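Take a moment with the picture before reading on.

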Amino acid sequence: MPIDERVWDLVGRIADDKKPNLLTARGYRKTSRQALPELGVPSYYWGSNCIHSSMSANCTEDGRCSTSFPSGPSWAATFDRELMRRMAVVVGRETRAFFNLGNFTDNGQNGMGLNCWGPVLNVNRDPRWGRHGEGGTEDPFLMGELGVAWTKGLQNGESEDKRFIQVAVTLKHFDANSLEGGGKADQGFDRHNFSARISKYLLADYYWPAFKASIKQGHAKGVMCSYNAINGIPACMDPLMRAARESWGFSGYVTSDTDAVEDAWKRHHHVKTAAEASCLAVKDGHCDINSGNTYYQSLLDGVKEGYCSMGDVDRALFNSLRIRFELGLFDPTADQPYWKLGQSDIGRADGKELNLRAALSSLVLIQNPLGLLPLRQGQRIAVIGPHANASMDLIQTDTGAVCPQAANNNWTHRSGNSEPSSFYCIKSPYQAIDELNRALHGTTIYAKGCNLSTDIAGGFDEALSAAKAADVVILGLGISEREDIGINRFLEREAHDRDSIDLPPVQKNLASSIVALGKPTIVFLLNGGMVAVEEFLNRTNVALIEAFYPGMEGADALAQSIFGKANRWGRMPYTVYKSDWTQSNSMLDHDVTHQRTYRYGAEAVVPFGFGLSLTHFTLAFEHETAAQATLEIDNEAASHTVTVQVSNRGSLAGDEVVLAYFHPIRVGLPMHPKKSLFDFRRINDIGAGGQAIATFTITQNSILLATLDGDLVRAPGDYKLTFENGAGEVLSMNLRLAGAQVVVEPFPRSEQNIFV
C-alpha cells in the first residue's frame, strides 16, 4: 500500500479526542506523550535539537559521546559545501544511533525522536542577535547552500536505501526571527511579542532564500515557525508563510517554536482565545505540531466553535504521521540500514578527524603583519586572557554530552552545557599550544589576566609579568553564550541579545596593556556574533584570528594554524562593524537596505568574505576571457563558463577559497543589492608552487533580482562579475542579460498580509 494511503488509513482509525496530544510535540506538560497501543502507535517526542551536535544525547555506557562540531558561523566560514554535508552526516548518524540505543536525556523512555530541530537559517541582519552562534552568515545565498548541505547530510546520511530517511530536518525559525529580547537595544520587545516589518522585496531578496533553497534543493522534511509576527501576523498562523512554503514544493511537517501558538493570543494579541489561535495555526498557518500545551487544551474547543474543522486537524495529523512513516518507524526494522546504527557509530575516529578539518577550515586569519605567523620553533610563549585556557567556551551551547565521566549517562542540556566540569576532557588553547610548542623545543606559560567581564585581583600584574618574560604573546579574548560572562550587555544566547558589539572593557584594558609592550602578539577571538576589532587593526605587532566557537577540536586547530602545521583557513561569513555601529542602527530595523550587510554597502572594518592565508595565492583567468559576455534571457540553455586558475606563489601548501559575485550596474529595477554572492569554491591542499582550477558556470538563473512586488526576475541590463579570494585578488568581467524581463518566481498570493 502506498505510504499516503497507509497514513490516511491510520488517521481514520484515531479517535478525535486523542488527536490534539498526538499534535503536541512533547506531550501534555512534557510528561504524557500520546501512545495508541491498540493501533501499534508508540508515543513520540518531537524536537531533538541538532545544530552542530546531537544536542540532547548522553554518552554511551562504553564512553562514546556525541561529536560536537564548530558553531554555525564556523560552518559558513568554511565555504565548503561537501565539508558541511559530511558534518551533517555525522550528526544525523549519531542522532539515529543514540535513538536506537535510547541514550537520551529521558534515559530511554520512548527515546527523544528523530525530528532534528535545526539548522538555524535566520540570516545575520544585526550582530547583536543572541543566537548568532547557532546561525551562520549575513548572506542569503551562502546560508541557503549551508541549509542544503545540512539537509542532505542529516536526512540522507550515507545509505543507498532511499526508502527511508535517517532523521528529519526542521529548518528554523521561519521567519525573520533575529530579535531575542533581554537587552536595552530591544526597547522592551522580545521574540514573543515583536512584529517585524518586512516588505515583499525583502522577503524575496533576503529573508526567504535560505529556507527556499533547503526545501527545493535539499527536500527538507520540516520547518519550525517562529515566535515573532511578520507585518502583524504571528508566523505560525500566517497564510503567506504557508503559501511561500507551498510554492517551493514543501510537503513535510511544520512545528511551532515552543508554544508560539500561545504567544499569538497572549503576547501578540492577534486573536482573543487559545481556541481561535489553535485553529488559525492549524488552518491558516498549516502548523501541524504545537510545541507546547495549547493544542492539547484548546484545539477541539476551536473546532466546536467553528474556527476550523476536524478536516484541518486530520491534515495536520497526516503531515506529522507521514514523517514518522518516512523515518521507518512503522515498518519492519530488519532490512532498514538506519536501525543498524549503534554504539560503534558514535564518537568515531573519522568524525574526530572531520571535526579537526572543519575547525581548521573555519578559522579566519584577519591580520598577519610582517609575517608574524607561522610562529617559529623554540620560543617562550605566554598564553594570556579569559579564553586562553577555555574548554567549555570552545563549544557552542547546543551540544550533547562530550565527556563521559562528567555526563554519567545523565546529561541535561540546560545545566550540563554551562557547567565547566562537563567539559573536562576538552583540550584548551593553552594546553594545545603548550603541547605543540614543547614538541618544538619551546616553553609556554599561562596567565588568565581577567575574567570575561570582571577583574581578577592581581590578574593584570600576573599577565604583564608573563608577557614581559615571553618572546611571543597569544591573547585569548571574546564573549560567551554562558553566564560565565555574567548577565550583561555582552552576553549572547537564546532569549538574550547583546547591547554592545565591543569587547568588555576589562578585556580591552588587558589587551591594550599587552600590545603596548611591543611583543609579537597573536589575538584569537571566541564569539558567535561579531566582536569589534578596530583597536587591533594596523598594529604591526598584532596578528588577529577569528575563531568563532570552534568545537571539540578547536584548540588543536588554533595551535596547528598558529605554528603553520596546517594552512586551511576560512573567510568571514559576516561583516565586522565598528564598535559604535549600534548607536546609529536600531535593533528593531529589519530593512537591510539601510546599509546593513555587504550586499547593501555596509561600512566594514572587516568585510564579508575576507580572510588571509599563510601563503600567497594569485588568481587569473585560465584562458583569454572576453571582457564582455552576453546571455539571452529567453534562451533557457544559455550559459557562460569561467575558469579561474589559482596559483600558490608561497612556500606553504594550503587551501584557497574563490568567491563569485555579481554587481548590478545598469538594470531597470529601483532597488537591488550592490553586490551579491552567487557561487563559491574551496580548493584543498594546493602545494607550494602548485596550481588548481576553479570553474564557474553562469546561467540566467544565477543572477535573479527581486522586484518591489517580490517577484524574482531575470532583469535585463549590465552586470559586473568578480571572482575574489578575500585577500585582495580580484578578477572581473562584464555580463549583459539581453532581452525582456522574465518573472521566474512570482510572489506567493495571500489575501491577509499587510506590507510595509
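## A pocket and some sulfur bridges

Strand β19 is the biggest contributor to the lining of the second largest pocket, giving 5 residues. Keep in mind that this is a predicted model. The pocket holds about 660 Å³ of space. Of its 25 lining residues, Phe-141, Pro-209, Lys-212, Asn-701 and Leu-704 sit closest to the centre. Besides β19 (676-686), the helices α5 (140-156), α6 (200-207) and α7 (209-216) each put at least two residues into the lining. Sorted by class, that lining has 10 nonpolar, 6 polar and 9 charged residues.

Now for the cysteines. The disulfide count comes to 5, and here are some of them:

| Pair | S to S distance | S-S torsion |
|---|---|---|
| Cys-50 and Cys-116 | 2.2 Å | -50° |
| Cys-225 and Cys-236 | 2.0 Å | about 100° |
| Cys-403 and Cys-425 | 2.0 Å | about -90° |

The link of Cys-50 and Cys-116 is left-handed. It connects distant parts of the chain, 66 residues apart, with Cys-50 in the loop between β1 and α3 and Cys-116 in strand β2. Cys-50 is buried at 0% relative accessible area, and Cys-116 is buried at 0% too.

The disulfide of Cys-225 and Cys-236 is right-handed. Cys-225 lies in strand β5 and Cys-236 in the loop between β7 and α8, so the bond ties together parts 11 residues apart in sequence. Both cysteines are buried.

What about Cys-403 and Cys-425? Their disulfide is left-handed. Cys-403 is buried, at 1%, while Cys-425 is partly exposed, at 38%.

Finally, Cys-287 is in no disulfide; the nearest cysteine sulfur belongs to Cys-225, 3.8 Å away.

Methods
Residues numbered from 1 in each chain as written. Predicted model: local features only at pLDDT ≥ 70, side-chain atom pairs only at ≥ 80, totals over all residues. Heavy atoms only, no water. 1 Å grid on protein atoms, 1.4 Å probe; cavity = no way out; pocket = protein on both sides within 12 Å on 5 of 7 lines; lining within 4 Å. Points joined across faces, edges and corners; volume = space filled by probe spheres on them. Helix = DSSP H or I, 4+ residues; strand = E, 2+ residues; numbered from the N terminus. Nonpolar A, V, L, I, M, F, W, Y, C, P; charged D, E, K, R; others polar. Disulfide = S-S within 2.5 Å. Buried < 20%, exposed > 50% of the residue type's maximum accessible area, 1.4 Å probe, protein only.
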